[in-house]
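Here is a short briefing for a first look. Please keep the sequence and the 3D view at hand while reading.

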Amino acid sequence: MAKIFVYDAYTNRLMTYTLAESDPMPYSTGTTLRVREFRGSSKSTVLWTTVAAMEAWNLTRRQYGAGIPVGYAFKRIWEGGHGTTSQHYAGVAFDVGQSTTAANRRKIYNAANATGAWGYVEPLSMTPTWVHFDRRYGKPACSGTTAGYPTCRRGDRNTYVLILQDALNALGYSTGTLDGVFGARTESALKAAQRAFGLTADGICGCQSWKKIASATVGIGQTRTVIDP
């Protein structure tokens, strides 16, 4: 069983589900994407995504017209396997088509592009044995890039807050919970981390805070302070 957070940007709500590995992901159409497929190689007991990412998946699957084999979708930041600010950690990115042919990968790529629903579909020249697409949201905290994570501050709620809480907990700065809601405990934990990294302790996770915290957390493994709700 897995606990799954789904962020709805339309209503600014985080919904929770408890599902079996063979169950369809929330908001996915039929059985086109099961929990185990979204999980991929992650060992986590909790997963997260967004309504928008699931809607983009549905459109791509419909446009392609056949099953899309998923290699990697969700990872928690301390599990690693991707870059320091990967959208996989936000639960809004997919690497697919690894087990199919180059011709089929091009069809999947074309289908993803045709939907217009993804924020980014990586050029096939950069992904010769898979297709990557993601439905990121928010303006990146670091200027001069379309990638990266948005600034997070008290009052926010979304899957980027979940990444931040997860990273802080893994590093030993307890947020008290893992719920995707940036409250007083998360702010206090962030300020403690900022002081430790020599940053201004303003309780706002901007560009430099994301760089320091993400770089320190990616791939370190599940520490004893990680929270599994």
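The points below cover a helix pair, the cysteines and one glycine.

This is a predicted model. Helix H4 packs against helix H5 at an angle of about 55 degrees. One disulfide is counted, and it joins Cys-142 to Cys-207.

**Helices H4 and H5**

- H4 covers residues 159-170, and H5 covers residues 184-196.
- Their axes lie 10 Å apart.
- The angle of about 55 degrees makes H4 oblique to H5.
- The crossing of H4 and H5 is left-handed.
- On the H4 side, the contact involves Leu-164, Gln-165 and Leu-168.
- On the H5 side, Thr-186, Ala-189, Leu-190 and Ala-193 take part.
- By class, five residues in this contact of H4 with H5 are nonpolar and two are polar, with no charged residues.

**The disulfide**

- The sulfur atoms of Cys-142 and Cys-207 are 2.0 Å apart.
- The torsion about their S-S bond is about 95 degrees, so the disulfide is right-handed.
- Cys-142 sits in the loop between strand E7 (131-134) and H4.
- Cys-207 belongs to helix H6 (residues 207-217).
- The pair therefore ties together parts that are 65 residues apart in sequence.
- Cys-142 has a relative accessible area of 21%, so this residue counts as partly exposed.
- Cys-207 has 19% relative accessibility, so this residue counts as buried. The cut-off for buried is under 20%.

- For the sulfur of Cys-152, the closest cysteine sulfur is in Cys-205, 6.0 Å away.
- That distance is too far for a bond, because a disulfide needs sulfur atoms within 2.5 Å.
- Seen from Cys-205, the closest cysteine sulfur is that of Cys-152.
- Cys-152 is buried, at 1% relative accessibility.
- Cys-205 is buried too, with a relative accessible area of 0%.

**Gly-148**

- Gly-148 is in the loop between E7 and H4. Cys-142 lies in the loop between E7 and H4 as well.
- With 18% relative accessibility, Gly-148 counts as buried.
- Ser-86 is 62 residues from Gly-148 along the chain, yet their C-alpha atoms are separated by 7.1 Å.
- Leaving aside residues up to four places away in sequence, Gly-148 touches Thr-85, Gln-87 and Pro-140.

How values were computed:
Residues numbered from 1 in each chain as written. Predicted model: local features only at pLDDT ≥ 70, side-chain atom pairs only at ≥ 80, totals over all residues. Heavy atoms only, no water. Axes fitted to C-alpha atoms, helices over the stretch in contact; angles between N-to-C directions. Helix = DSSP H or I, 4+ residues; strand = E, 2+ residues; numbered from the N terminus. Parallel < 35°, antiparallel > 145°, perpendicular 65-115°, else oblique. Left-handed = near helix turned anticlockwise from the far one by under 90°. Contact = heavy atoms within 4.5 Å. Nonpolar A, V, L, I, M, F, W, Y, C, P; charged D, E, K, R; others polar. Buried < 20%, exposed > 50% of the residue type's maximum accessible area, 1.4 Å probe, protein only.
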